[in-house]
Amino acid sequence: RGGEDAPDCNVYVGGLAPHVDDGVLRQMFGQFGDISNCNVIRDKMSGQSKCFGFVVFMAPHFAQAAIQHMNNQFIDGKTLQVRLKNQER
């Protein structure tokens, strides 16, 4: 079972370029499987991106494919850190 409650489906994405929004994040990761939710975390006061976000996939194998293909990828001048949300750094 996927979704918000499934820790093996919730992927942390760090190192995002400042212009990346929820839609761009969904485009970047949608190729790996069905997404139930994705969001870029923003500063509450300024609205500026904090350059990280979360992608919640519908199934664990989608999350694993995204991690395998996207971790350490160099995109827009930044290196992505992609891992399960609750995984140790």
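**View 1. The open sheet of four strands.** In this predicted model, four strands form an open sheet in the order β2-β3-β1-β6. The pairing is antiparallel. Strands β2 (35–42) and β6 (81–84) are the edges, and each pairs on one side only. On average, neighbouring strands of the sheet are turned by 20 degrees against each other, direction ignored.

**View 2. The β2–β3 hairpin.** Strands β2 and β3 form a hairpin, with six residues between them. Gly-47 lies in the turn and has a positive phi of about 80 degrees. Strand β3 covers residues 49–57 and pairs with β2 in the antiparallel sense. Six bridges join β2 and β3. Asn-37 has Val-56 of β3 as its bridge partner. Asn-39 has Phe-54 of β3 as its bridge partner. In a regular strand, side chains alternate between the two faces of the sheet.

**View 3. Gly-53 in strand β3.** Gly-53 is found in β3. Its relative accessible area is 0%, so Gly-53 is buried. Leaving aside residues up to four places away in sequence, Gly-53 touches Val-11, Tyr-12, Val-13, Leu-16, Asn-39, Val-40 and Ile-41. Val-20 is 33 residues from Gly-53 in sequence. In space, Gly-53 and Val-20 are 9.6 Å apart, C-alpha to C-alpha.

**View 4. Helix α1 on the sheet.** Helix α1 spans residues 22–29. It lies across β1 (10–14), β2, β3 and β6. Relative to β2, helix α1 runs at about 135 degrees.

**View 5. Helix α2 and its buried residues.** Helix α2 spans residues 60–70 and lies across β1, β3 and β6. Relative to β6, helix α2 runs at about 155 degrees. The buried residues of α2 are Phe-62, Ala-63, Ala-65, Ala-66, Ile-67 and Met-70. They pack against β1, α1, β3, β4 (74–75) and β6. An α-helix has 3.6 residues a turn, so residues three or four places apart point the same way.

**View 6. Asn-72 after helix α2.** Asn-72 follows α2 and sits in the loop between α2 and β4. Asn-72 is not a glycine, yet its phi is positive, at about 70 degrees. Its relative accessibility is 52%, so Asn-72 counts as exposed.

View 7. A search of the whole structure finds four aromatic pairs. One of them joins Tyr-12 and Phe-52, with ring centres 5.9 Å apart. Their planes meet at 35 degrees, so the pair is tilted. The pair links distant parts of the chain, since Tyr-12 is in strand β1 and Phe-52 in strand β3, 40 residues apart. Tyr-12 is buried, at 13% relative accessible area. Phe-52 counts as partly exposed, at 23% relative accessibility. Tyr-12, Phe-52 and Phe-54 form one aromatic cluster.

**View 8. Lys-85 over the ring of Phe-54.** The charged end of Lys-85 sits over the ring of Phe-54. It is 5.2 Å from the centre of that ring. Phe-54 belongs to the aromatic cluster with Tyr-12 and Phe-52. Phe-54 is also the bridge partner of Asn-39.

**View 9. Cysteines without a disulfide.** The count of disulfides comes to zero. Cys-9 is in no disulfide, and the nearest cysteine sulfur, that of Cys-38, is 14 Å away. At 0% relative accessibility, Cys-9 counts as buried. For Cys-51, the closest cysteine sulfur is also in Cys-38. The distance is 16 Å, so the two sulfurs are too far apart for a bond; a disulfide needs them within 2.5 Å.

**View 10. The backbone at Cys-51.** Cys-51 is found in strand β3. Its phi is positive, at about 65 degrees, although Cys-51 is not a glycine. At 18% relative accessibility, Cys-51 counts as buried, because the cut-off for buried is under 20%.

Definitions and conventions:
Residues are numbered from 1 along each chain as its sequence is written. Side-chain values use heavy atoms; hydrogens and water are left out. Two strands pair if DSSP finds at least two bridges between them. Helices (H or I, at least four residues) and strands (E, at least two) are DSSP runs, numbered from the N terminus. Axes are lines fitted to C-alpha atoms, for helices over the stretch in contact, and angles run from 0 to 180 degrees between N-to-C directions. Contact means heavy atoms within 4.5 Å. Buried means under 20% relative accessible area, exposed over 50%, partly exposed in between (1.4 Å probe, protein chains only). Rings of Phe, Tyr and Trp (its six-membered ring) pair if their centres lie within 6.5 Å; planes under 30 degrees apart count as stacked, over 60 as edge-to-face and the rest as tilted. A charge sits over a ring if NZ of Lys or CZ of Arg is within 6 Å of the ring centre and within 35 degrees of the ring normal.
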